[in-house]
Amino acid sequence: MKKPNPPPSKPSSAAKPSAGMAPRKSRWGPPPAGSASGPAGDKAASTSRRTPSPNRASNARRHPAPPASAPQPRNPASPVAAARPPPHQQPRVETPPPPPYGFNNLDRRTVHLADGTVRTYFALPPDYPFEPAPFPQLPHFPRAGPEAWPPHQPPPQQQFPPHDKRRHPADPEEGFSRHPKQPRFEPPPHQPSQMQQPPVDPQALRKAFLKYSKMLNENPAQKRSYLEGGLVQCLPCGRSSKDFADVHGLVMHAYNPPNADSFVDHLGLHKALCVLKGWDYTKVPDNSKAYQSLPPDLVRANREDLILWPPTVIIRNTATGRKKDGRSEGLGNKEMDKKIAELGFAGGKSKSLYGKQGHLGLTLIKFANNPSGLKEAERLAEFLEKQDHGRVGWSRAQATHNLDPDTNPLLVETDNRGEKKRILYGCLAISSDLDELDSDSRKRATVKSRKEFDPSD
């Protein structure tokens with residue numbers, strides 16, 4: 001039984017295309033030789049007839065070629081490369097051969113992993129004799145001198161438009177304006193933060209120093225609080241003692257005042273406190289407290305420089321005994337004037353000090369408030385100091401207070417007639433002696449500096 005639709009028979013390999021069928025054109029290779037004939041060939045020919053071929057002469061007239069330039073190197077040589085010799089003159093560098101070992105020199109090793117498996121690898125034995133290969137000698141090239149490098153040119157300074165303040169590019173045109181940044185002030189590590197110090201008048205500063213030197217010494221209770229570290233107060237600004245832990249805190253506050261209006265008064269208090277405590281006012285006070293160390297000779301010189309005015313000499317040990325009612329008695333004003341005149345000093349006026357218990361054993365010799373009066377008071381103080389009856393001698397006599405004052409050889413002496421006489425001790429009155437004076441003398445007295453003496457103050 002025949003199949004209704006038999007499959008078409010496959011063409012044989014020997015079958016050739018008919019003469020009327022053109023061969024298939026490949027997209028990757030050139031067209032076949034007979035592709036120029038036929039409809040496609042006619043179309044290509046007609047196209048070539050319509051499009052004229054370009055003429056070199058006409059193109060040269062319309063678009064002239066640029067002049068040929070000398071060939072430029074792609075990367076110009078640097079000064080160091082220019083100093084090197086040509087390649088054929090450079091020494092040849094030989095690479096050392098690899099070390100002579102193969103698989104026969106390797107050891108088989110095993111390693112146990114954490115999952116229980118065993119791995120094998122090959123490695124050289126630990127005692128394999130390695131011979132380090134020598135490094136090849138590199139060729140020597142001449143160095144380029146400093147003249148081979150161009151000098152550094154500083155970058156041009158950026159010029160900004162002459163406006164009051166610059167606007168950030170990201171800021172909008174409308175809205176709040178940006179405030180200029182304020183410079184941050186950071187003090188050095190070796191000094192405390194200080195405000196901008198205004199110019200100081202030396203005469204005003206000296207007056208403030210003398211004023212606060214008197215204020216610190218005229219009140220005995222206040223002087224004791226500053227000396228013993230009790231409750232202290234800032235006299236210029238009136239701050240209470242709660243703001244300062246001790247005198248050191250007050251000194252730092254006075255050296256760095258909170259405002260410029262009371263700057264001179266605070267500096268005067270700072271120097272007065274340092275003189276009272278025996279500290280160095282020329283050093284900046286800081287947390288190390290190095291300014292609190294000063295030799296005893298300088299401490300004494302700073303304190304004795306502040307004298308009372310009018311010039312006064314304090315005569316001590318002028319009490320002669322006690323009365324029947326228990327009150328002490330001593331040398332009066334007329335007797336002291338007579339004794340001072342016998343010693344050869346004139347111009348002084350005596351004033352004996354009395355208290356609730358009678359005579360206090362102190363007599364003030366006040367001289368005229370002029371340079372001649374100061375000179376006479378200094379001469380009397382020097383006379384007593386030469387006899388070892390000055391301020392230091394009185395301190396030595398006070399150390400023997402447990403002895404009977406009527407028999408103490410430092411307080412009483414016997415003359416040729418066998419009569420006992422009081423040994424007088426005296427010194428020029430200074431600011432630290434204000435607490436020993438009576439209220440009227442403290443009120444009338446002022447403080448002056450012997451180094452910077454000015455009678456007009």
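Contact here means heavy atoms within 4.5 Å. With that in hand, take T400: leaving out residues up to four places away in sequence, T400 touches N408 and L410. This is a predicted model, where local features need pLDDT of at least 70 and side-chain atom pairs count only at pLDDT 80 or more, while totals for chains, interfaces and linings use all residues. Residues are numbered from 1 along each chain as its sequence is written, and side-chain values use heavy atoms, with hydrogens and water left out.

**The big picture**
- The protein has twelve helices and twelve strands; these are DSSP runs numbered from the N terminus, with helices being H or I of at least four residues and strands E of at least two.
- Of the 457 residues in the protein, 26% are buried (under 20% relative accessible area; over 50% is exposed and in between is partly exposed, using a 1.4 Å probe and protein chains only).
- Among contacts in the protein with a separation of 6 or more, 58% are between residues 24 or more positions apart.

**Around T400, L411 and K421**
- You'll find T400 in the loop between α11 and β9 (412-414).
- T400 and L411 are eleven residues apart in sequence, and their C-alpha atoms are 9.7 Å apart in space.
- L411 also turns up with K421, ten residues away in sequence and 8.6 Å away in space, C-alpha to C-alpha.
- K421 belongs to strand β10 (residues 420-422) and is partly exposed, with a relative accessible area of 38%.
- Not counting residues up to four places away in sequence, K421 touches L411, V412, E413 and D415.

**Helices and their packing**
- In helix α11 (residues 391-398), the buried residues are G393, W394 and A397.
- These residues cover an arc of only 100° around the axis, so they sit on the same side of α11 (the arc is that of the directions from the helix axis to the C-beta atoms).
- The cover over the buried residues of α11 includes β4 (312-316) and β11 (425-428).
- Helix α5 (residues 220-228) packs against α7 at an angle of about 80°, with the axes 10 Å apart (axes are lines fitted to C-alpha atoms, for helices over the stretch in contact, and angles run from 0 to 180 degrees between N-to-C directions).
- That makes α5 and α7 roughly perpendicular to each other (65 to 115 degrees; under 35 is roughly parallel, over 145 roughly antiparallel and the rest oblique).
- Where they meet, K223, Y226 and L227 in α5 face L273, L276 and K277 in α7.

**Rings and charges**
- There are three aromatic pairs, counting rings of Phe, Tyr and Trp (its six-membered ring) with centres within 6.5 Å; planes under 30 degrees apart are stacked, over 60 edge-to-face and the rest tilted.
- W279 and Y291 make an edge-to-face pair, because their ring centres are 5.4 Å apart and their planes at 90°.
- W279 counts as buried at 10% relative accessibility, and so does Y291 at 1%.
- The charged end of K271 sits over the ring of F209, 4.4 Å from its centre (NZ of Lys or CZ of Arg within 6 Å of the ring centre and within 35 degrees of the ring normal).
- K448 lies over the face of W309, 5.6 Å from the ring centre.

- Most residues other than glycine have a negative phi, and most peptide bonds are trans.
- The peptide bond from W309 to P310 is cis, with omega near 5°.
- N317 is not a glycine, yet has a positive phi of about 65°; N317 counts as buried at 8% relative accessibility.
- D388 has a positive phi too, near 65°, and is partly exposed at 39% relative accessible area.
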